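This report looks at a few helices and at some of the residues in them. Please have the sequence and the structure at hand while reading.

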Amino acid sequence: RKSRTNIVVKNGKMYLKHNTVTEDIPIIIVIKAMGVETDQEIVQLVGSEAVYANGLAASLEECSSLGIHSQTQALEYIGSK
């Protein structure tokens with residue numbers, strides 16, 4: 001069976017879209033679930049260029065507002081979807 005994964009931008013925020021998940025998952029939560037927990041590490045991995053910085057800033061704020069700060073919390077969030 002084929003699966004498709006895309007990164008989409010909605011309202012200035014980045015999301016992961018996958019056909020096995022009912023709703024789009026904020027990309028920062030996916031990165032935190034993979035073990036990169038600090039915001040600084042995420043920015044260093046993705047890039048600090050203005051093109052990425054704007055999308056990351058909004059996505060980081062959304063992740064923080066959802067109360068997801070650790071790998072365990074990110075995995076639980078994804079598991080609930």
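## Ile31 in helix H1

Ile31 sits in helix H1, which covers residues 27-33; helices are DSSP runs of H or I with at least four residues, numbered from the N terminus. The model is predicted, so local features need pLDDT of at least 70 and side-chain atom pairs count only at pLDDT 80 or more, while totals for chains, interfaces and linings use all residues. Residues are numbered from 1 along each chain as its sequence is written, and side-chain values use heavy atoms, leaving out hydrogens and water.

Ile31 has a relative accessible area of 11% and is therefore buried (buried is under 20%, exposed over 50%, partly exposed in between, with a 1.4 Å probe and protein chains only). Along the chain, Ile31 and Ile42 are 11 residues apart, and their C-alpha atoms are separated by 7.4 Å.

## Helices H2 and H3

Two packed helices are described by the angle between their axes and the distance between the axes. For H2 and H3, the axes come within 11 Å and cross at roughly 150 degrees. H2 is therefore roughly antiparallel to H3, a term for angles over 145 degrees.

## The nonpolar patch

Leu45, Val46, Val51 and Tyr52 make a nonpolar surface patch of about 390 Å². Patch residues have over 30% relative accessible area and no salt bridge, and nonpolar side chains are joined within 5 Å. Helix H2 (39-46) and helix H3 (50-65) each supply at least two residues of the patch.

Tyr52 belongs to helix H3. With a relative accessible area of 37%, Tyr52 is partly exposed.

Conventions. Patches are made of residues with over 30% relative accessible area and no salt bridge: like charges are joined within 9 Å, nonpolar side chains (Val, Leu, Ile, Met, Phe, Trp, Tyr) within 5 Å. Accessible areas come from the Shrake-Rupley method with a 1.4 Å probe; for residues, only the protein chains shown count as cover. A salt bridge is a side-chain nitrogen of Lys or Arg within 4 Å of a carboxyl oxygen of Asp or Glu. Axes are lines fitted to C-alpha atoms, for helices over the stretch in contact, and angles run from 0 to 180 degrees between N-to-C directions. Angles under 35 degrees count as roughly parallel, over 145 as roughly antiparallel, 65 to 115 as roughly perpendicular and the rest as oblique.
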